[in-house]
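Subject: Structure handover and notes

Hello,

Here is the structure I said I would pass on. Please look it over before you read the notes below it.

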Amino acid sequence: MEITVSQEQGRMPVTVFHVRGPVIEEEQLQTRAKEAYDAGTRNLVIDLSEVPYMASPGLRALHYIFTMLRTAEPGESDDAVRKGIASGTFKSPHLKLVKPTRDVHEILKTTGYDMFLDIHKSVKDAVASF
Amino acid sequence: MQAYRRVFEGRLEQLPAIHEFVDRATTELGLREDDAFACRLSVDEAATNAFEHAYNKGPGKVEIAVWREADSIMLCIRNWGMPFDPEAIAVPDVTRPLEERGVGGLGIFLMRRFMDEISYSFDPQEGNAVTMCRRLERAVEPEHQTVSEQ
């Protein structure tokens, strides 16, 4: 798996991870996300258009990143997130995914990750959504 | 019975080769794409469990076998590490709020979701074997037969 990083400016600064290759382990993605977070990243887009498949460690990495980027804002309180996911109105305001391949999308859907992560058709759309 | 069988090093880095092996086997056995996807995914997860739990990320071997039986596709993932029953893992309820889910157990959740039957056996000589079955609906007959691999 290769991760290249770019910085985009929408209404707010956004870091974009362009991931290439299968996501079969969690450490690399988590480490790069933590490095970005420590460097000031608060909004992250992960471009999955070149990820042919993902195994459960990749899902664990997404969960880790989702939790890391979550803030103490009222809209992200435990209660708000719980109610929002249950009613289908909550999506992470800080982590967005782009164009997962068919296999990856099926895994995200099956495990319910699409219930709290927005999926966009392009990096441009994802950056504009923040 | 046509079987595809190969032994891999039990390391995470081998997962792409395992994925490719299962993809090729299921293609040559005439599976539809949704069935082939289910097989690739389930073998990925069972092999990952072997790497992470049976071998605790240490060295070892993993044997993958794929074959058809009547209207089903069969998968067997064998390792010779610590006894490890994936069925003993609690699976997350993915309909529950995020904070109440664990991040563990997703692999076995996916295997259960995409396979119809999963069984586990352990023998000191034969090792841990996870055998999975997925029933095929309107299966396409394989166009050709190939030799078993060892």
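The notes below go through the sheets, the helices and the packing.

This is a predicted model, in which local features need pLDDT of at least 70 and side-chain atom pairs count only at pLDDT 80 or more, while totals for chains, interfaces and linings use all residues. Residues are numbered from 1 along each chain as its sequence is written, chains are lettered from A and ligands numbered from 1 in the order in which they are written, and side-chain values use heavy atoms, with hydrogens and water left out.

Chain A

Chain A has an open sheet of five strands in the order S1-S2-S3-S4-S5, with mixed pairing. Strands are DSSP runs of E with at least two residues, helices are runs of H or I with at least four, and both are numbered from the N terminus. Two strands count as paired if DSSP finds at least two bridges between them. The edges are held by S1 (2-9) and S5 (118-120) of chain A; each has a single partner strand, so one side of each has no neighbour in the sheet. On average, neighbouring strands of this sheet are turned by 25° against each other, direction ignored.

S3 (residues 44-50) of chain A pairs with S4 (residues 95-98) of chain A in the parallel sense over four bridges, and Asp47(A) stands opposite Val98(A) in S4(A). Helix H1 (residues 27-38) of chain A packs on the sheet, where it touches S1 and S2 (13-20) of chain A, and its direction makes about 160° with that of S2(A). Helix H2 (residues 56-69) of chain A also packs on the sheet, touching S3 and S4 of chain A, at about 145° to the direction of S4(A). Contact here means heavy atoms within 4.5 Å. Angles run from 0 to 180 degrees between N-to-C directions, and axes are lines fitted to C-alpha atoms, for helices over the stretch in contact.

S2(A) and S3(A) run parallel and are joined by five bridges; Val16(A) stands opposite Val45(A) in S3(A). Five of the seven residues of S3(A) are buried, so this strand is largely enclosed by the rest of the structure. Buried means under 20% relative accessible area, exposed over 50%, and partly exposed in between, with a 1.4 Å probe and protein chains only.

Gly88(A) lies in the loop between H3 (78-87) and S4 of chain A, and at 52% relative accessibility it counts as exposed.

Chain B

Chain B has three helices and five strands, and from the N terminus its elements run β-α-α-β-β-α-β-β. Of its 150 residues, 54% are buried. The strands form an open sheet in the order S1-S2-S3-S5-S4, with antiparallel pairing. S1 (3-9) and S4 (117-123) of chain B are at the edges with a single partner strand each, so one side of each is without a neighbour in the sheet. S2 (residues 61-69) and S3 (residues 72-79) of chain B pair in the antiparallel sense over eight bridges, and Val62(B) has Asn79(B) in S3(B) as its bridge partner. H1(B) packs on this sheet, touching S1 and S2 of chain B, with its direction at about 175° to that of S1(B).

The axes of H1 (residues 15-28) and H2 (residues 33-54) of chain B come within 9 Å and cross at roughly 150°. Residues in this contact include Leu15(B) and Ile18(B) of H1(B) and Ala36(B) and Phe51(B) of H2(B).

Seven of the nine residues of H3 (residues 106-114) of chain B are buried, so this helix is largely enclosed by the rest of the structure. Its buried residues are covered by elements including H2 and H4 (102-110) of chain A, together with H2, S4 and S5 (127-135) of chain B.

Cores

A nonpolar core is a set of buried Ala, Val, Leu, Ile, Met, Phe, Trp, Tyr and Cys residues joined through side-chain atoms within 4.5 Å. The largest has 70 residues, and those with the most contacts inside it are Phe17(A), Ile46(A), Ile65(A), Ile64(B), Val66(B) and Met132(B). H2(B) gives the largest share of this core, 10 residues. Apart from it lies another core of eight residues, among them Val16(A), Val45(A), Val98(A) and Phe130(A).

Regards
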